[in-house]
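Have the picture ready and follow along.

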Amino acid sequence: MQSLWYGRQYQLANNRPYQSAIVSLLLDVDRRARAPLHEQIFDGVRARILAGELAPNVRLPSSRRLAADLGVARTTVLQAFDALAAEGYLVMRAASATRVAPELPVEPLARAPRRPQAPRPPRLSAVARTLAALPPGTPRLGTAPRAFRPGCPALDRFPTALWARISARCHARASAALLDGGDPRGLRALREAIAAHVSTSRGVRCTADQVFVTAGTQVAFDEILRLIVDAGDQVWVEDPGYLGARHAVLGARALPVAVPVDEQGLDVVAGRGLAPRARAVVLAPSHQYPLGVMMSLARRLALLRWAAAARAVVIEDDYDSEFRHHGRPLTALYGLDEADRVVYVGTFSKSLFPGLRIGFFVAPPSLVDAFAGARASLPPPAATLDQSTLATFIADGHFASHLRRMRVTYRERGEALRAALAADCAGALVPLPCDTGMQLVARLAIAASDTAVAARAAALGVEVGALSTYAAARKRASGIVFGFGGVRPAQIRNGTRLLARAIATMRS
Ligand SMILES: Cc1ncc(COP(=O)(O)O)c(C=O)c1O
């Protein structure tokens, strides 16, 4: 049997745009069949015309080409075409292509060529369906930040010109090794600079060999969980908490267990009651997201005791605790760990800018080989020239200076927001304490849902977060999440006035 599939587009002579112009002509000829070949071709073409697959005026392949493709004599094809023309299905003119007749002798079953049915999309995994139903961890909006987008640093204070100079120098002096790609764990110079920085500023004593550069926190979570958990394992996450953590746990096919957070941080006793044999916990002990609380020492020690006994891994998200508004930043949980349980995760998304997409994690000595082994066959985690620029920025002291300046900036912006909320939203919002970072949560003092307030504010051009969207058990949390890092003091007052207007419309 000889089968042919023609899928070609023919522009009509009168330039009507591809009307019925896709010729899809599947022809079979079977040499062992009783019916002569010319009859088989006749039947095949006629059937496609009647089915509407070959529409009026559509041009057919030439008899020569069809004969060659089917492996039959040209006269056989011409015999079939002549018969089709005689019955009014085709129009054949000398020196012109054979076409389907504009008026058919019988009504075709379908006038227009049948559209191929939209193919059913491939089946998605249960994880993909679950993730699609969740709000994104960190919405990357690709638009200029507005008051009060949560999570946005002071991009207006970033020393762009200095960064550009260092970057140009790194490009100009790039070695062949740098251009070639580099170490899958990250550039050595960057890992050394990070190790030195976190050892002194965060109490994370480590060597460059323990540092793994990543494309940010989310990627670090994914990578760590892939090594630590199996499908169906339980992992504690904070409730309310960073949605990115929940996403990463689900992405690893593990089960997030929502452990409540109070004014002392994650409730370890509650966690032990809910899932005593969880394999890991993801938390931000120095500056909980979004509530902003700091985990008490008693809770930190209780968490480490549980992790040591349960052989669980503590994934410490230290995203912005460098920005303590007054006094020195607190030492990280990693520094208290004596049982090699804590993996410390850092990011430059807050301290520099999110678009840089560089973060890192510090593995405890017992896990370094496992992480290095997993990385060995992967490409470098970030562009080597960006890594080199960042390494120089840190090693030359610019990072430390920038952090010092940003601490003052965030203190000023936080205070400006508090003052503006007191002036404009006093009866409706009660701010929680905020001494670190660039977000503030306010409880609602009016009978309205936080999502409704956020939606009303958005309609007036103010971006705020609804605390309940960060919570697994919604009743536990209701409030408004403000990001003040990216908002100049002058814009802050404008934002709170608009917010007050939005709230007023809900009261009336
Ligand atoms: C709690 C928390 N951790 C980490 C990050 C940083 O994520 P990334 O490094 O992937 O940009 C954010 C960003 O908003 C965050 O809110």
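We start where α16 and α17 meet in a right-handed crossing, meaning that the near helix is turned clockwise from the far one by less than a right angle. Helices here are DSSP runs (H or I, at least four residues), numbered from the N terminus. This is a predicted model, in which local features need pLDDT of at least 70, side-chain atom pairs count only at pLDDT 80 or more, and totals for chains, interfaces and linings use all residues. Residues are numbered from 1 along each chain as its sequence is written, and side-chain values use heavy atoms, with hydrogens and water left out.

Helix α16 covers residues 450-459, and its axis packs 9 Å from that of α17 at an angle of about 125°. The two are therefore oblique to each other, a word for angles that are not under 35 degrees (roughly parallel), over 145 (roughly antiparallel) or 65 to 115 (roughly perpendicular).

Now find α15 (residues 398-424), which packs against α17 (residues 489-507) at about 30°, with the axes 9 Å apart. That angle makes α15 roughly parallel to α17.

Finally, look at the ligand. Thr 217 and Asp 317 are among the nearest of the 13 residues around the ligand, where a heavy atom within 4 Å counts as near. A ligand nitrogen atom sits 2.7 Å from a side-chain N or O atom of Asp 317, and a ligand oxygen atom is 2.8 Å from a polar backbone atom of Thr 217.

Terms used: Axes fitted to C-alpha atoms, helices over the stretch in contact; angles between N-to-C directions. Polar contact = N/O pair within 3.5 Å; in protein donor to acceptor, adjacent residues only side chain to side chain.
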